[in-house]
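Please open the structure in your viewer and keep the selection panel at hand.

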Amino acid sequence: MRKKLLIGLVVILVGIQFWPVDRTPPTVGGEIQAPPEVMAVLETSCYDCHSSETRWPWYSRIAPVSIWIAHHVEDGRGHLDFSNWDAYPPNRADHKLEELIEMVESDEMPLPSYLTLHGEARLTPDQKALLLEWAERARTELE
């Protein structure tokens with residue numbers, strides 16, 4: 001019985017390797033504009049899930065991880081997409097910045113599961129302060 005279960009599991013794991021995962025970058029509109037030091041933090045800590053510039057690591061090609069990561073990136077872009085920032089009307093951009101502030105202040109972003117394999121994305125206190133200052137300033141400029 002165990003042998004049949006093991007063989008079934010292997011067949012399933014091999015079979016899902018053929019499950020197509022779309023890694024095509026979405027259409028890019030107008031990217032967010034920020035000072036170079038802010039852009040550096042955004043690119044290191046946010047862009048993999050919140051832009052069209054996702055870096056797909058080797059393990060993102062192995063199912064079922066590939067399916068999970070692709071869904072995660074799609075969901076992240078759905079919440080906030082720095083590559084299509086110009087598509088947000090001012091009130092929506094303001095709301096996105098407000099959410100960014102809340103998520104960074106509460107250490108909900110970057111996600112702990114992402115930081116497990118991407119320690120370089122962990123925000124230092126100085127980086128958090130830089131992002132928060134910039135986001136607050138950007139919100140006032142939208143008014």
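**A pair of helices**

In this predicted model, begin with helices α5 and α7, whose crossing is left-handed. Select residues 90-105 for α5 and residues 125-142 for α7; the two pack at an angle of about 160 degrees, with their axes 9 Å apart. Angles over 145 degrees count as roughly antiparallel, and therefore α5 is roughly antiparallel to α7.

Next, display the side chains at the contact. On α5, the contributors include Pro90, Leu97, Ile101 and Val104; on α7, they include Lys128, Leu131, Trp134 and Arg139. The residues of this contact comprise twelve nonpolar and six charged, with no polar ones.

**The largest pocket**

Now select His50, His79, Leu80, Met103 and Met109, which lie nearest the centre of the largest pocket. This pocket has a volume of about 470 Å³ and a lining of 23 residues. Which helix supplies the largest share of that lining? It is α5, with six residues; α3 (47-50) and α4 (65-79) each supply at least two. By class, the lining holds 13 nonpolar, five polar and five charged residues.

**The second largest pocket**

Finally, select Tyr59, Trp68, Ile69, Tyr114 and His118, the residues nearest the centre of the second largest pocket. About 240 Å³ of space lies here, lined by 16 residues. Helix α4 gives the most to this lining, with five residues, while α3 and α6 (112-117) each supply at least two. Nine of the lining residues are nonpolar, five are polar and two are charged.

Conventions. Residues are numbered from 1 along each chain as its sequence is written. This is a predicted model: local features need pLDDT of at least 70, side-chain atom pairs count only at pLDDT 80 or more; totals for chains, interfaces and linings use all residues. Side-chain values use heavy atoms; hydrogens and water are left out. Axes are lines fitted to C-alpha atoms, for helices over the stretch in contact, and angles run from 0 to 180 degrees between N-to-C directions. Helices (H or I, at least four residues) and strands (E, at least two) are DSSP runs, numbered from the N terminus. Angles under 35 degrees count as roughly parallel, over 145 as roughly antiparallel, 65 to 115 as roughly perpendicular and the rest as oblique. A crossing is left-handed if the near helix is turned anticlockwise from the far one by less than a right angle, and right-handed if clockwise. Contact means heavy atoms within 4.5 Å. Ala, Val, Leu, Ile, Met, Phe, Trp, Tyr, Cys and Pro count as nonpolar, Asp, Glu, Lys and Arg as charged, and the others, Gly among them, as polar. On a 1 Å grid over the protein atoms alone, a cavity is a set of points where a 1.4 Å probe fits but cannot get out, and a pocket is an open set with protein on both sides within 12 Å along at least five of seven lines; lining residues have an atom within 4 Å of a point. Grid points are joined across faces, edges and corners, and a volume is the space filled by probe spheres set on the points.
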